[in-house]
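My entries follow in the order I made them.

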Amino acid sequence: MIQFITHTNDRYDYLDGVQMALEGGCRWIQLRMKDASEEEILKTAESTRKLCRQYDAVFLLDDYVELVERTEADGVHLGKNDMPIDEARRLLGKDKIIGGTANTFEDVKRIYSAGADYIGCGPFRFTTTKKKLSPILGLDGYRRIIEQMTAYGINIPVIAIGSILLQDVSDIMQTGVSGVAISGAVLNANNDDNPVTTMKRFINKLKSSNK
């Protein structure tokens, strides 16, 4: 399971990133547009939805529960300071995907109990895409959280996130997580490792790690 989280850089805008991630084989896009206007989000979301439908990919919005129905998104990802997951579930119903951000096992328990479908857990290491960064987990942090989940009988997909590079994937997957979320490692790729090729390499690495 691999999720691409959108952002921008000097060369690419949000839709460029979506297009290249999909071309590279990613089938799970999270449109994250912090500080953008509602008009910008709606416009970008419409194009993102069309691209995701074309590639038969899941399309999630970051944060904006109130825009999920209007954009026809498949669901939403909620950070710690966003709408509570149980409230989002009441508004969106049982068929929409809801993910939540966790940094500790306590977060995992809370998100699981609130009815989320998956957990984005991190950060793996320091990341520049987050303004308010939680304590860094590293491999040991993921191992501890997965062990505690097993002990408590909590079964929910955990996606590792936070400046994950291609060479990290195998070690991260060995901790017991279900997948990884990537952003900068794909969008900032250049030369022979362009974003499309880099996404393909991530997917191949994930497949070989799961064997």
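**Entry 1: strand β5**

I started with how well β5 is covered. Of its 6 residues, 5 are buried, so I noted the strand as mostly covered. The model is predicted, and I read everything below as computed from it.

I then looked at the partners of β5. On one side, strand β4 (residues 75-78) pairs with β5 in the parallel sense, over 4 bridges. In that pairing, G75 stands opposite I97 of β5. β6 also pairs with β5: the two run parallel and are joined by 4 bridges. Here I found A102 opposite C121 of β6.

**Entry 2: strand β6**

Which way do the residues of β6 point? I found Y118 and G120 pointing one way, with I119 and C121 pointing the other way. All four are buried.

**Entry 3: the whole sheet**

Next I traced the strand order. I got a closed barrel of 8 strands, running β1-β2-β3-β4-β5-β6-β7-β8 with parallel pairing. Neighbouring strands of this sheet are turned against each other by 25° on average, direction ignored.

I checked the pairing of β1 with β8. Strand β1 (residues 2-5) and strand β8 (residues 179-182) run parallel and are joined by 3 bridges. F4 stands opposite I182 in β8.

I also looked at what α5 does here. Helix α5 packs on the sheet and touches β5 (97-102) and β6. The direction of α5 makes about 160° with that of β5.

**Entry 4: cysteines**

How many disulfides does a search of the whole structure find? The count is 0.

A disulfide would need the two sulfurs within 2.5 Å. C26 has 0% relative accessibility, so I logged C26 as buried.

For C121, the closest cysteine sulfur is in C26, at 19 Å, again too far for a bond. C121 is buried too, with a relative accessible area of 1%.

**Entry 5: aromatic pairs**

I searched the whole structure for aromatic pairs and got 3. One of them is F105 with Y152, a tilted pair with 5.0 Å centre to centre and 50° between the planes. This pair links distant parts of the chain. F105 is in helix α5 (residues 105-113), Y152 is in helix α6 (residues 138-152), and the two are 47 residues apart.

Are F105 and Y152 buried or exposed? F105 counts as buried because its relative accessibility is 6%. Y152 counts as exposed because its relative accessibility is 55%.

Another pair is F124 with Y142, which is stacked: 6.3 Å centre to centre, 15° between the planes. F124 lies in the loop between β6 (118-121) and α6, while Y142 is in helix α6, so the pair ties together parts 18 residues apart in sequence. Both F124 and Y142 are buried.

**Entry 6: R49**

R49 lies in helix α2. Is R49 buried or exposed? R49 is buried, because its relative accessible area is 14% and the limit for buried is under 20%.

What does R49 touch, leaving aside neighbours within four places in sequence? I listed F59, T71 and E72. For T71, the backbone oxygen lies 3.2 Å from a polar atom of the R49 side chain.

**Entry 7: E38**

I finished with E38, which also lies in helix α2 (residues 38-54). E38 counts as partly exposed, because its relative accessibility is 42%.

Which residues is E38 in contact with, neighbours within four places in sequence left aside? They are L67 and R70. With R70 there is a polar contact, side chain to side chain, at 3.1 Å.

Notes:
Residues numbered from 1 in each chain as written. Predicted model: local features only at pLDDT ≥ 70, side-chain atom pairs only at ≥ 80, totals over all residues. Heavy atoms only, no water. Phe/Tyr/Trp six-rings, centres within 6.5 Å; stacked < 30°, edge-to-face > 60°. Buried < 20%, exposed > 50% of the residue type's maximum accessible area, 1.4 Å probe, protein only. Contact = heavy atoms within 4.5 Å. Polar contact = N/O pair within 3.5 Å; in protein donor to acceptor, adjacent residues only side chain to side chain. Pairing = 2+ DSSP bridges. Axes fitted to C-alpha atoms, helices over the stretch in contact; angles between N-to-C directions.
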